[in-house]
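The following note sets out points for a colleague who is examining this structure. Please read it with the sequence and the coordinates at hand.

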Amino acid sequence: MAASSRSLLRVLSRCQSQYFSVSCSTLTSHRHLPVRSYAAAARQVQKEKKEETTQEKVVKEKRKIDDKDRHKPYGLTAWAPLDDVYLVRYYPKPVYDTPVAIEMLKGFQKLDFTPENQPVYINLRLDMKLEKKRKVDPFVSTMHLPHPFKSDINKVVVFTENPDQARIAMENGATVAGGVELVEKILADEITADFYLAEPDIIQKLLPLKNKLRKKFPKSKRGSVGVNIPKMLALFKAGHEYIVEDTYVNTQVATLDMSTDFILENIKAICKDVASHKPAEFGTFIERAVMCSRTSEGLHIKIEDLLPQEQKKA
């Protein structure tokens, strides 16, 4: 009996040791297996969450309130004050017809005893938006005013390597005409001008002047690069230049001693030229117009009569 029990214990011990060795080997084999990292899956989940949040996010647009049918403007006291003395911030700014505003500026000049020939300025706020996220790029334009207010003509330098073209430029009123030899003189401030014109072939040789001339450097977009030198000179000698900065145009349009009709025609010409830089199907380009003299306050003017017919319809 004792012998049989000993043999049974030996068998059991062998089976137990064999079982533990198998289980340990399986455990060690599992321990050496590569562990799966779920970073890619986590990124996918984060990406999906981000897309959901962007879809749910609503773009806040500026609230536009129509005051046409209201008894008073939104956030203000009334449409017009009842007394001669009032706080300006509680009432909308009056908008005048352009001839009336011009006469008011002339009246301010007489009351203040300021110079009669002081400049008259106009400030235009532009709507630069096009379709989707596109916008009108800020631009510089040169145009002819119906009634120029400058007594002297602009100084114009013409860059050309053709002696015949240089001769034609001088005959048509250029201040200086020449080739690459003018670069050093301009860098040394020996030659200065209001405008710089060039032929297309010489543009690459004028690159050292780019930092010096900055916005005056010849560019095809501004019409200061071309082969028809007499035509360019006719524009830039007596042309009026204005610049769009951000969304505003601030430029002189006349002098106060000019007649009301002359000032009005100049304002209309500038508004027409500005409006031509945006297609009519995208809406009105000029949102607001303010005019003033050098010593007066700004007067808001109606832009409906200043815009071309196609802009009014849009």
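1. Accessible areas in this note come from the Shrake-Rupley method with a 1.4 Å probe. On that basis the protein exposes about 21,800 Å², and carbon and sulfur atoms supply 53% of that area. The model is a predicted one, and every point below should be read accordingly.

2. Overall composition. The secondary structure comes to 9 helices and 10 strands. Of the 314 residues in the protein, 32% are buried. Where contacts join residues at least 6 apart in sequence, 67% of them link residues at least 24 apart.

3. The sheet. An open sheet is formed by 7 strands, in the order E1-E10-E9-E2-E8-E7-E3, with mixed pairing. Its edge strands are E1 (95–96) and E3, each of which pairs on one side only. Within the sheet, E7 (residues 240–245) and E8 (residues 248–255) run antiparallel to each other and pair over 2 bridges. Val244 is placed opposite Val249 of E8.

4. The largest nonpolar core. This core has 37 residues, and those with the most contacts inside it are Leu124, Leu126, Ile267, Val274, Ile286 and Met291. Two or more residues each are given to this core by helix H3 (98–112), strand E2 (119–126), E7, E8, helix H8 (260–275), strand E9 (286–293) and strand E10 (299–301). The greatest contribution is that of H8, with 7 residues.

5. Surroundings of Met291. Which residues are in contact with Met291, leaving aside its neighbours within four places in sequence? They are Thr98, Ala101, Ile102, Leu105, Val120, Tyr121, Ile122, Ile267, Glu297, Gly298, Leu299 and Ile301. Met291 also belongs to the residues named above for having the most contacts inside the largest nonpolar core.

6. Helix H7. The buried residues of H7 (residues 229–238) are Ile229, Met232, Leu233 and Phe236. They lie on the same side of H7, because the arc they cover around the axis is only 100°. Their cover includes strand E3 (140–143), strand E4 (156–159), helix H4 (163–171) and strand E6 (195–198). The N-terminal end of H7 is capped by Asn228, which has a side-chain oxygen 3.3 Å from the backbone nitrogen of Lys231.

7. Helix H4. Gln165, Ala166 and Ala169 are the buried residues of H4. Viewed down the helix axis, these residues fall within an arc of 105°, so they line one face of H4. Pro163 and Glu171, on the other side of H4, are exposed. The buried residues of H4 pack against E4, strand E5 (176–178) and H7. After H4 comes Gly173, which has a positive phi, near 105°.

8. Asn162 at the start of H4. Asn162 is found in the loop between E4 and H4, and it caps the N-terminal end of H4 through a side-chain oxygen that lies 3.0 Å from the backbone nitrogen of Asp164. Is Asn162 buried, partly exposed or exposed? With a relative accessibility of 34%, Asn162 counts as partly exposed, because that class lies between the 20% limit for buried and the 50% limit for exposed. Asn162 and Ala177 are 15 residues apart in sequence, and their C-alpha atoms are 10.0 Å apart in space.

9. Thr160 in the loop between E4 and H4. Thr160 is found in this loop and is buried, with a relative accessible area of 2%. Where do the polar atoms of its side chain find partners? One such atom of Thr160 lies 3.2 Å from the backbone nitrogen of Asn162. The side chains of Thr160 and Glu199 are joined by a polar contact of 2.7 Å. Not counting residues up to four places away in sequence, Thr160 touches Gln165, Ala166, Gly178, Gly179, Glu199 and Ile202. Two of these residues, Gln165 and Ala166, are among the buried residues of H4.

Definitions and conventions: Residues are numbered from 1 along each chain as its sequence is written. This is a predicted model: local features need pLDDT of at least 70, side-chain atom pairs count only at pLDDT 80 or more; totals for chains, interfaces and linings use all residues. Side-chain values use heavy atoms; hydrogens and water are left out. Buried means under 20% relative accessible area, exposed over 50%, partly exposed in between (1.4 Å probe, protein chains only). Helices (H or I, at least four residues) and strands (E, at least two) are DSSP runs, numbered from the N terminus. The arc is that of the directions from the helix axis to the C-beta atoms. Contact means heavy atoms within 4.5 Å. A polar contact is a pair of N or O atoms within 3.5 Å; within protein, one must be able to donate a hydrogen and the other to accept it, and residues adjacent in sequence count only if both atoms are side-chain atoms. Two strands pair if DSSP finds at least two bridges between them. A nonpolar core is a set of buried Ala, Val, Leu, Ile, Met, Phe, Trp, Tyr and Cys residues joined through side-chain atoms within 4.5 Å.
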